[in-house]
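Have the viewer open as you read.

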Amino acid sequence: MQHTLARLTLLSSLLILSAVANAEDTLVIDIKSTQKAPSPNEAAPLSAERSAVLPADGGDFLKQLNGVSASRFGGRGLEPIIRGQSQTQLNVLLDGAYVHGGCPNRMDPPASWAALETYEKVTVEKGVQTLQHGSGGSGGTVLFERDTRSILDPDGGWSGKASAATMSNGVTHDVSADVTKAFTKGYARVFTQDREASNYEDGDGNEVRSSYKHKQQGIVLGATPTPDRLLEYSYENNDFSDALYPGASMDSPEESGSIQRLKYQDKLDGKINSVEAEVYLSEIDHLMDNYSLRTQTGTKMAVPTTSDTTGGKLALTSNLGKTDVTYGVNVQNRDRNATMKNMSMGGTVTGLMWPGATTDQTGVFAEAETPLGTADKLKYGVRVDQVKAAASKASTVAGGRTANQNYTAIYGYGATDKEETHVGGLLRYEKSLNATTTAFAGASRSVRTADETERFINKWGATAADRWVGNPDIKPEKHNQLDLGLSQQRGNIRWTGTVFADKVDDYILRDKVTSGAQTGAQIYRNVDAELLGAEWGAETKLTQKLRLSGDVAYVKRTNTTDDRPIAQTPPVNGKLQLDYNGGKWSGGTRVRFAAGQDRIDTAMIDATEVDDSAGYGVVDAYGRYSLNKSTKVRFGVDNLLDKTYSEHVSRRNLDLGGTIERVNEAGRSAWLKLETEF
């Protein structure tokens, strides 16, 4: 802990310099307004009232966007997938902070820690649109952003919002409040939420173990000595309990996470135009076991874990003639520990799943944007990252073996301190073809280091088939991407299309040993890979009150070294939606659909792959009635026809024993939500 605090103190020195990030977004959900001018880098988002109003977490919330899928594990903890990429192939920031979950099996991916009701905007950048948020991000970047200044009472009084919701199939209650007080030169904001979800039933009436409890609260304190200057501190805490996971052999009786942030923003006169600096500390404590929330007749096992992330960002902007330049530094340090305990033997330690795994990353970036003519622009930049990774407990004996013995048994070598240097770049050209049509072409190189699980996971079962071992000498992924896009708005019709290709050197593949004494053990190795995809979306106003929209996405991923598909690739999917807005009343219906997927990695069935999947079509209906200017009621029915279905990328339902079946989505679910603002 002292080491963590020392690093945070050092990072806080960035506030002396600070900086502003001028990010270019792809998909934006603005809680206040969702109307945006057409751009080849953007797609029309769905406003909150047109989406499912009771998402389990941030990953579930993102599913409304074209090209975003999510893997279901249980009632919460949905893993977002963008352009066929997930986990640390995505950069997910919660108001500037990185949060890396406490579960090696990813019960709690970063987006699951997003307190959705407290963010003013969510931005999804597909692929590499900027170099400012850190290394990697080959699949995309997700930004959950707060802007407390935008919701302040202009008269310096109190403002806020509150809501209460319930659902017939899943969430039993969800109550939240968010209150802000404006001062002459500052503000204070507090928020809280209490949610409880029961097990839901799928379309066949079968109960899916998916219940959980969630409590969160936070505070934001801001000082604004001038209109352009901001100093802000925030703290938030999330507590989860009694979370059931049919997609895992364990549940999570308790989990707690806190995030602290310190930000400074200012506009300057001179060679530096603006400055933004931020530091953060996120700390996760996670416990999973196989006995407290489910019947266990065998050995009782528990895995307590910790995952601490400290980091910061400094960015400055300057003008060189007509060119805007943003440059700065990112720092991110991760420290993760996971201990396996035999509770049938009094808590005897049987293994270190994360044996003191640490990754320290420091990167510098410079990015420029130059207008070409009146509407065209060129964006270009470079970043360099230095990475250090180590496992301080790799030689510690636990359960009669060390992690290094296990690494050596699989790969022939143990863990040593690793250092890597990454070089990435971006070149993007946007051109206005005419008054209604815009095109873009982008090329990028991004490098992603292995995360702590891919490099250092250490699960050594009694048989080879029950072993899962990281590769301490795994190479970083190098993504070389090209994307092309076209968007147009003519009259009442707007559409956007994008195609992309990603050639990956040293793709980090989770695989199985196929021969020898360790046959069946899950491992990590480098292969070459190819990712191809396309997305299309359109909308039109049929009348002043009726709008029709639709979208579709496709991605194909191939392990070209072995000529195999890559597991967990989403099939063709999309939606068709009709919305009515009549003033006090509004409503709509949508059809969500996905094709079947038979392009799977058969070698990874019962590991990361489940089996072939069937396609589906699901109908939702929803509405809204405004009681007055500040209060409205939202209501609807998800899965109106009570369809039994699952997402192809979801986990296998282990509660079904030998039956190979994914965790099903919820059946027919009616919901009601009351919202008020003041």
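## Starting on the outside

Ala435 counts as exposed, with a relative accessibility of 84%. For the cut-offs, buried means under 20% relative accessible area, exposed means over 50%, and partly exposed sits in between, using a 1.4 Å probe and protein chains only. You'll find Ala435 in the loop between β21 (418-432) and β22 (437-448). From Ala435 to Leu674 it's 42 Å, C-alpha to C-alpha, and 239 residues in sequence.

A bit of housekeeping: this is a predicted model, where local features need pLDDT of at least 70 and side-chain atom pairs count only at pLDDT 80 or more, while totals for chains, interfaces and linings use all residues. Residues are numbered from 1 along each chain as its sequence is written, and side-chain values use heavy atoms, with hydrogens and water left out.

## The overall build

The protein has four helices and 34 strands. Helices here are DSSP runs of H or I with at least four residues, strands are runs of E with at least two, and both are numbered from the N terminus. The radius of gyration is 24 Å, close to the 26 Å that the globule rule gives for 678 residues, so the protein is as compact as a globular protein of that length. That radius is taken over C-alpha atoms, and the rule is 2.2 Å times the number of residues to the power 0.38. Along its principal axes, the C-alpha trace spans about 65 × 60 × 50 Å.

Of the 678 residues, 59% are buried. Take the contacts between residues at least 6 apart in sequence: 67% of them join residues at least 24 apart. A contact means heavy atoms within 4.5 Å.

## Surface and charge

The accessible surface comes to about 26500 Å², and 55% of that belongs to carbon and sulfur atoms. Those areas come from the Shrake-Rupley method with a 1.4 Å probe, and for residues only the protein chains shown count as cover.

How far apart are the mean positions of the positive and negative charges? They're 2 Å apart, for 76 positive and 86 negative charges. Lys and Arg count as positive and Asp and Glu as negative, with His and the chain ends not counted. Each charge is placed at NZ of Lys, CZ of Arg, CG of Asp or CD of Glu.

## Helix α3 and what covers it

Helix α3 covers residues 403-411, and its buried residues are Ala403, Asn404, Asn406, Tyr407, Ile410 and Tyr411. Seen down the axis of α3, these buried residues fall within an arc of 160°, so they line one face of the helix. The arc is that of the directions from the helix axis to the C-beta atoms. As background, an α-helix has 3.6 residues a turn, so residues three or four places apart point the same way.

What covers those buried residues includes β19 (348-372), α4 (452-456), β23 (458-459), β24 (468-469) and β27 (522-541). Ala403 is in α3 and has a relative accessible area of 4%. Not counting residues up to four places away in sequence, Ala403 touches Pro355, Ala394, Thr396 and Asn458. After α3 comes Gly412, with a positive phi near 90°.

Val142 lies in strand β7 (residues 140-145) and is buried, at 0% relative accessible area. Beyond its neighbours up to four places away, Val142 touches Leu62, Ile82, Asn91, Val92, Leu93, Val122, Thr123 and Val124.

Gln386, in strand β20 (residues 376-391), counts as partly exposed at 30% relative accessibility. Setting aside neighbours within four places in sequence, Gln386 is in contact with Asp360, Gln361, Thr362, Glu419, Glu420 and Thr421. Gln386 and Gln361 are 25 residues apart in sequence and 5.7 Å apart in space, C-alpha to C-alpha.

## Positive phi without glycine

Which way does phi go at Asp95, positive or negative? Asp95 has a positive phi of about 50°, although it is not a glycine. This residue sits in the loop between β4 (90-94) and β5 (97-98) and is buried, with a relative accessible area of 4%.

Asp642 has a positive phi too, near 60°, in a residue other than glycine. Asp642 is in the loop between β33 (631-638) and β34 (669-677), and at 26% relative accessibility it counts as partly exposed.
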